[in-house]
Amino acid sequence: GIRPYNAKKQKENAMKLLNRFLILVSEKFFDHVKHTEYPLERELKTGSDIPYVLHGIVDVLSGAICHDLDLPYSTDSDDIEIWDYKASKRPPKDSQYIQDYQYQMRVYCELYKQQTGEYPARAVLVFLGELNNDKLWDAAEGDPSNFSKIFYVVTPNPSHIETAMNDFNGTVDSIEEERGKYFVDQWQAPEHDVDSDTCQACEVRYNCDRQNGL
């Protein structure tokens with residue numbers, strides 16, 4: 001197999017962040033964990049009546065962790081929460097990254113409602129990279145309130161979730177429309193400029209004249 005650059009150091013740093021997170025949340029976290037790697041799956045239909053299965057995996061399905069940690073949100077002792085870990089630092093609030101994470105959590109909230117009949121109280125993103133500052137860690141003395149950027153909460157607003165699901169359904173419709181074309185006409189490069197990150201994530205980039213010309 002292919003080993004990433006400086007794999008040993010990356011592994012050691014990842015373990016450091018995980019250990020710090022465990023110290024930070026301690027039993028107040030684990031006492032509320034109901035499931036880990038919790039699967040969310042539902043058969044849905046697009047606006048064009050195209051059926052598809054939407055599948056996701058939540059890192060943690062829990063009880064009222066935010067309530068027990070005394071985080072600055074409106075909480076209750078019987079809350080149900082979705083938690084998802086990110087290895088990075090928290091992106092700026094207006095960045096595309098944070099918007100994408102919000103989108104992901106809103107879809108998860110909708111899937112949870114489809115399975116249980118109600119939304120979770122909140123979805124919590126945990127940015128473990130915020131624990132990488134050794135000086136801040138030493139000064140914080142294990143108090144979660146001293147890490148204002150490690151937690152990012154997405155509240156399941158129904159109108160925001162509806163917008164996310166409509167966008168998702170539109171993407172499914174677009175994919176099915178593309179698949180219905182002759183092979184040579186499928187997945188043409190867009191007329192507008194595309195950033196390099198998008199190109200690298202595209203599964204058909206190797207057959208793209210624009211990519212080959214870069």
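Which residues of the largest nonpolar core touch the most other members? In this predicted model, local features need pLDDT of at least 70 and side-chain atom pairs count only at pLDDT 80 or more, while totals for chains, interfaces and linings use all residues. Residues are numbered from 1 along each chain as its sequence is written, and side-chain values use heavy atoms, with hydrogens and water left out.

**View A. The largest nonpolar core.** Leu 40, Leu 54, Ile 82, Leu 125 and Met 165 touch the most other members of this core, which has 24 residues. At least two residues each come from strands S1 (33-45), S2 (51-62), S4 (122-127) and S5 (151-154) and from helices H3 (96-116) and H5 (158-179). The greatest contribution, 8 residues, is that of H3. A nonpolar core is a set of buried Ala, Val, Leu, Ile, Met, Phe, Trp, Tyr and Cys residues joined through side-chain atoms within 4.5 Å. Buried means under 20% relative accessible area, exposed over 50% and partly exposed in between, with a 1.4 Å probe and protein chains only. Helices (H or I, at least four residues) and strands (E, at least two) are DSSP runs numbered from the N terminus.

**View B. Surroundings of Met 165.** Residues up to four places away in sequence not counted, Met 165 touches Leu 44, Tyr 52, Leu 54, Val 107 and Glu 110; contact means heavy atoms within 4.5 Å. Another core lies apart from the largest one and has 21 residues, including Phe 29, Val 60, Trp 83 and Val 124.

**View C. Strand S5 and its pairing with S4.** S4 and S5 run antiparallel and are joined by 4 bridges; strands pair if DSSP finds at least two bridges between them. Val 154 in S5 is the bridge partner of Ala 123. Phe 151 and Val 153 point one way from S5, Tyr 152 and Val 154 point the other way, and all are buried. In a regular strand, side chains alternate between the two faces of the sheet.

**View D. Phe 168 in helix H5.** Phe 168 lies in helix H5 and counts as partly exposed because its relative accessibility is 23%. Beyond its neighbours within four places in sequence, Phe 168 contacts Tyr 52, Leu 54 and Tyr 103. Tyr 103 is 65 residues from Phe 168 along the chain, with 9.5 Å between their C-alpha atoms.

**View E. Cys 66 and Cys 109.** The model has 0 disulfides, a disulfide being a pair of cysteine sulfur atoms within 2.5 Å. The cysteine sulfur closest to that of Cys 66 is in Cys 109, 12 Å away and so too far for a bond. Cys 66 is buried at 1% relative accessibility, and Cys 109 is buried at 0%.
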